Amino acid sequence: MTDAARTFVETYERERDGLPANGLDWLVALRDKAIADFAASGLPHRRLEDWRYTDLARVLEKATLSPAPSRQGDMAWPDASAIKVFDAADRYIVIFVNGVLQSKLSDLPVGVSVSSLGDALSADWAKVLVETRVSEAQATNVTAINLALMRDGLVLDLAKGVKLDKPLHLVHLAVDDGASHRRNLVRLDDGAEATVYESYVGAGATNYFADVVTNVSLGTEARLMHIKVQDEAADAIHLATLTAMLGARSYFSSFTMTLGSALSRNQTFVRFDGEGAEAHVNGATALRGRQHGDQFCIVDHAVPGCASATLFRTVLDDASTGVFQGKVVVRPHAQKTDGRQMSNALLLSRDAAMNAKPELEIYADDVQCAHGSTIGELNREALFYLRSRGIDEQSARQLLISAFLDEAFETVPDEAAREGLRALAADWFRLTLKEDA
Amino acid sequence: MLEIKNLHAKVGDKEILKGIDLSVGAGEVHAIMGPNGSGKSTLSYLLSGREGYEVTKGSVTYKGQDLLALSVDERAAAGVFLAFQYPIEIPGVTTMTFLKAALNSVRKARGEDELDAPRFLKLVREKAKPLNVADDMLKRALNVGFSGGEKKRAEILQMSLLEPSLAILDETDSGLDIDALKVVADGVNALRSPDRAMIVITHYQRLLDYIVPDIVHVLSKGKIVRTGGKELAGELERTGYAEFAA
């Protein structure tokens, strides 16, 4: 076992009896089993196909993995663009510091429940959500650490037909070094609707491991929009896993903007459980320096007549590395499936590298599926054309990079957030191009 | 305005221009005609600053300064404009966004104030109207899915907005039917002025029926082999380039 893996196991042994909802026998049993499984398998290594391009174990060796301290009390509100990106929207805000929920929301509409993980785990539905594996790929991944060590998280529960009147914004601040394991649960009952924003920001901490799992369950005709901005501190490690089980004719849309951390992996597992549902898993990534960003996405068409679309756009400068691994699975009976998947990467430097592995696994015959991947650099002819009209080289590059990312932003259904994301990208170019000049 | 002296240039190892001498004064319209491969496009790209061309001998002086020492965008800011034979498609950048960026860059370089959105919009509409460029076209990504005629009209619109001192039109007639050609030629003619010089590069005489040049040059194998008045174009149309080709 590596030192990092041993730290997780030891942390569990030490904290086991103080973890939330430890009076629930099923949960304690689940946790014990999770840590035992993890102790047996260890951290994922690059010989596993799903982890071929991302060496999590290696970077975790250098990270501070003891639990980040709990903090309560007033905090200076950080002036972070990853938070301000959502300022145009009137929204509910909940704050996590080092992975621990700080605030309680009041004045919520009838039928809306926002609570912390410990309070919610006694509900049967929470048990189902925590226990269910959405994809076989999860069996070999690191969510076992989270399951054992999850300390807090946000639980959003919407009753039948309830529409959350304003977006809910989760602000995750890393103030102290260390590891934080959080678990969010989102259940939208039939016909319910919500928009959730998330911002991950380093606010003082430098060496930390942000580990988050979000389990989503959508009832018939429920609708969830999720927009996340990850701008963790430069040396941080960010590991996010989102699982979504989609009911009939439901709508799920997720957009992830990745800007921060030394190493990040954003995993999304979607499973269609009811016919006629629609899923969009999209994102934009912009990295520089020696950053490494991994987008991993599996969409499982387990039932007929569902549509999924995935688009990730990645811009890599300096010696940064991008990864896209995506798989669309169409089960034998899942006829009339529409599955699309695309990864496009733009390399701004000769030292940058992109690894893309789009996959289709189709067992039904009456389906429409398409996938693809491109990796390229800025079009020199286009640069010349723009410059021949008086636009200086930096501005011309910025125009072309913006245009490239914009196709990803176009997939964001929320207009206010879309504009915010564009502005965030523009900030990134300004900084990057200035450094290049 | 433009003085080209004994200009030699190569692409890779191949010498394309082999001693060009050309003098273009303000207010003049020069046509450069010649067979395929004579170096017409090389000359136009070289003047606009495209990479990949190596000048081995000679000089290009524009308004008293060494044009070859300027970067691509500096040349544009100084008033050099190339209307492309094949305008590049730029997905994701709307024509409007591009025009505004270009105009304000050039204005800034010339020490003029940048136009805000309402003033810019008014100006673009005013310039777009005679060229039959509709608002819908301005909202589309630059040149993406434009017809041949639309691309050339967009080029002339850019020229009209940027108000260059030296405009180089590279095979502007290629891919145009006669109606589109007239619209484009009218647009170009409207820009003729005593302060502006134009170089019209073309294989065929047809364009010169609409944009009537003051002087016609014949380029062959990297050299100007003949210079004459506008009647030279008609003569070439009858005899072809055969006498210059061998």
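Predicted model: local features only at pLDDT ≥ 70, side-chain atom pairs only at ≥ 80, totals over all residues.

**Questions on chains A and B**

Me: Is helix α1 of chain B mostly covered or mostly uncovered, and how many of its residues are buried?
Reply: Helix α1 of chain B spans residues 40–48 and is mostly covered. Its buried residues include Leu43(B), Tyr45(B), Leu46(B) and Leu47(B), and Lys40(B) is also one of them. Of the nine residues in the helix, the number buried is eight.

Me: Which residue in the turn between β1(B) and β2(B) has a positive phi?
Reply: Strands β1 (residues 2–11) and β2 (residues 14–24) of chain B pair in the antiparallel sense over eight bridges. Val11(B) stands opposite Lys14(B), and the two strands form a hairpin with two residues between them. In that turn, the residue with a positive phi, about 65 degrees, is Gly12(B).

Me: How are α6(B) and α7(B) oriented relative to one another?
Reply: Helix α6 (residues 148–162) and helix α7 (residues 178–190) of chain B pack with their axes 10 Å apart, at an angle of about 5 degrees. Angles under 35 degrees count as roughly parallel. The orientation of α6(B) to α7(B) is therefore roughly parallel.

Me: How many residues of the contact of α6(B) with α7(B) are nonpolar?
Reply: From α6(B), Gly149(B), Lys152(B), Arg153(B), Ile156(B) and Ser160(B) take part. They meet Ala180(B), Val183(B), Val184(B), Gly187(B) and Val188(B) in α7(B). Two residues of this contact are charged and three are polar, and the number that are nonpolar is five.

Me: How many residues does the largest nonpolar core have?
Reply: The residues with the most contacts inside this core are Ala194(A), Leu224(A) and Leu246(A). Beyond its neighbours within four places in sequence, Leu246(A) is in contact with residues including Leu218(A), Phe252(A) and Val270(A). Apart from this core lies another, of 78 residues, with Phe384(A) and Leu46(B) among them. The number of residues in the largest nonpolar core is 128.

Me: Which element gives the largest share of the side of chain A that touches chain B?
Reply: Contacts join 17 residues of chain A to 19 residues of chain B. On the side of chain A, the elements giving two or more residues are α8 (380–387) and α9 (393–409). The largest share, seven residues, comes from α9(A).

Methods:
Residues numbered from 1 in each chain as written. Chains lettered and ligands numbered in written order. Axes fitted to C-alpha atoms, helices over the stretch in contact; angles between N-to-C directions. Helix = DSSP H or I, 4+ residues; strand = E, 2+ residues; numbered from the N terminus. Parallel < 35°, antiparallel > 145°, perpendicular 65-115°, else oblique. Contact = placed C-beta atoms within 7 Å. Nonpolar A, V, L, I, M, F, W, Y, C, P; charged D, E, K, R; others polar. Core = buried A, V, L, I, M, F, W, Y, C linked by C-beta atoms within 7 Å. Buried ≥ 20, exposed ≤ 12 C-beta atoms within 10 Å, placed from the backbone. Pairing = 2+ DSSP bridges.
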